[in-house]
Amino acid sequence: MGLTRGQFLRLMGAGAAGALLSACATSPPPIDVTGPEFTEAEPSGTVKLWSRGGLLPTAQRIVDRFHAAQDRIRVDLTPVPDGQFVTKLATAIRGGRVPDLVDIDDINSALFVHRGVFADLTPLIEELPYRDRLSPGHLALVERDGRYFGAPSLGDNSTLWCNVGLFERAGVDIDQVTGSFEGYLEAARAVSSLGDDIHGWFFPGNSAGALAFTVQPHVWAAGTDLISGEIGDQRGNIVDNEPLRATLEFLRALWDEGLTPPAIDSDDGSRWASQFQAGRIGMMPCGFGIVTPDASEELLDQCGVRLLAGPDGGRSFFDGGNNFCLPNGSDNPAAAWEFVRFCLELEQQTALPETGYIPVRSDAATDEFRASYPLAAPPLLELDAGYAPLSLAYARIYNQNDGPWLAMIREAVFGGNVDRALAAAQPRFDEILRQGDA
């Protein structure tokens with residue numbers, strides 16, 4: 001049996017908000033998106049929108065465009081610090097003071113979807129003319145029992161960034177070496193041999209979230225995951241996971257052979273892309289918005305982007321970003337949905353790379369888009385290869401620096417013992433998943 005709504009809110013409101021959530025809240029009636037408010041009336045009024053604070057420039061830009069396009073609806077945008085979003089939203093639901101619309105991290109949207117606090121948008125999603133072009137990774141995180149409780153907003157995808165200029169100097173071809181770990185190592189060795197403080201590969205070895213974003217896709221590309229089972233009955237898939245073992249051994253080889261900068265074992269991701277932007281790194285798994293803002297045009301002109309490969313082939317990427325969800329109890333859900341549809345129009349979607357994000361519609365990859373944003377296009381061209389894990393315990397496993405994910409990588413890569421790393425991670429994954437599903 002899953003958590004009750006009250007139990008969930010108490011769990012999500014740990015810490016300062018915990019006292020506010022000590023009693024069960026009364027659930028507002030579900031929003032009926034097939035009613036006359038959605039099908040007959042012309043929406044108007046104010047929409048209270050909560051967006052992640054880190055996305056404020058992107059959100060404000062789209063809100064301004066929406067206001068310029070029509071005069072019936074005003075959007076009242078509230079940025080919420082990323083690390084406080086879950087707790088603040090849980091507290092708002094507990095207190096019956098919900099926003100009309102939330103633009104929430106797609107990973108965290110699952111926390112609320114599986115506690116029944118978001119409106120069922122299935123009929124609205126299915127009637128979109130571009131329904132089959134929406135990011136399946138985003139939709140999977142708002143799906144429950146075949147129903148959709150949210151819509152994709154924007155993409156933040158991990159891909160492999162390659163300095164083709166260094167590849168050419170080293171005599172390797174990007175397409176020949178970026179399809180397997182063997183190819184990666186061949187290219188990393190060749191690039192590292194150029195000397196002058198140049199290295200073949202980079203990863204921030206002491207940042208749990210950054211490594212979750214960029215390392216997991218190697219495992220997914222091989223057709224497996226690190227978590228097995230459905231919500232309510234999940235466990236870790238660690239000890240006997242051969243693609244995971246191969247991935248850890250690959251990272252260990254990069255470190256052992258000196259194919260990475262020597263200080264990555266202490267790198268917390270705060271200057272993640274700086275060495276790549278300086279032209280000293282051959283390959284770096286990363287996100288579009290992490291590399292491009294501070295990179296020179298000269299460097300970007302010699303970059304190539306590919307999806308992340310598995311040990312022996314396959315390709316994947318982390319399908320991160322945001323989902324739009326309407327909390328039950330929204331005062332103006334029809335107007336909120338009109339804003340969502342505006343955000344999903346191609347005009348808005350194809351402008352997302354200007355602020356560091358990727359569209360969530362595959363048909364955004366037009367010839368014009370690919371010419372303007374060639375480094376943003378690869379995920380759109382293989383949108384079905386994107387994935388994001390569905391788990392109520394994701395943050396505790398993958399994002400916290402004291403979680404089992406980072407401990408496993410550090411023991412395997414920098415401690416040099418892959419077997420011990422896997423054996424220690426399995427029970428910790430299982431324990432946290434049991435607690436998250438209890």
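Colleague: Which residues of α3 meet residues of α16, and what makes this a contact?

Modeller: From α3, I62, V63, R65, F66 and A69 meet E338, F339, F342 and C343 of α16. A contact requires heavy atoms within 4.5 Å. The model is predicted, with local features needing pLDDT of at least 70 and side-chain atom pairs pLDDT 80 or more, while totals for chains, interfaces and linings use all residues. Residues are numbered from 1 along each chain as its sequence is written, and side-chain values use heavy atoms, leaving out hydrogens and water.

Colleague: Why is α3 called roughly perpendicular to α16?

Modeller: Helix α3 (residues 56-69) and helix α16 (residues 333-344) pack at an angle of about 110°, and their axes are 11 Å apart. Angles of 65 to 115 degrees count as roughly perpendicular, under 35 as roughly parallel, over 145 as roughly antiparallel and the rest as oblique. The angle of about 110° is therefore roughly perpendicular. The axes are lines fitted to C-alpha atoms, for helices over the stretch in contact, and the angles, from 0 to 180 degrees, are taken between N-to-C directions. Helices (H or I, at least four residues) and strands (E, at least two) are DSSP runs, numbered from the N terminus.

Colleague: What does Q348 touch, and why is Q348 called buried?

Modeller: Q348 belongs to helix α17 (residues 346-349). Residues up to four places away in sequence aside, Q348 touches I62, R65, F342 and C343. Q348 and I62 are 286 residues apart in sequence, yet their C-alpha atoms are 7.1 Å apart in space. Buried means under 20% relative accessible area, exposed over 50%, and partly exposed in between (1.4 Å probe, protein chains only). Q348 has 4%, so Q348 is buried.

Colleague: Why is the pair of Y184 and W201 called tilted?

Modeller: Rings of Phe, Tyr and Trp (its six-membered ring) pair if their centres lie within 6.5 Å; planes under 30 degrees apart count as stacked, over 60 as edge-to-face and the rest as tilted. The centres of Y184 and W201 are 5.0 Å apart and the planes stand at 55°, so the pair is tilted. Y184 lies in helix α10 (residues 181-192) and W201 in strand β7 (residues 199-201), 17 residues apart. Y184 is buried at 0%, and W201 is buried at 1%.

Colleague: How do you know that R361 sits over the ring of Y130?

Modeller: The rule asks that NZ of Lys or CZ of Arg be within 6 Å of the ring centre and within 35 degrees of the ring normal. The charged end of R361 is 3.7 Å from the centre of the ring of Y130 and sits over that ring.

Colleague: What makes the phi of D196 and D197 worth a remark?

Modeller: Most residues other than glycine have a negative phi. D196, not a glycine, has a positive phi of about 55°, and D197, also not a glycine, has one of about 60°.

Colleague: Are D196 and D197 buried, exposed or partly exposed?

Modeller: D196 has a relative accessible area of 66% and is therefore exposed. D197 has 45% and is therefore partly exposed.
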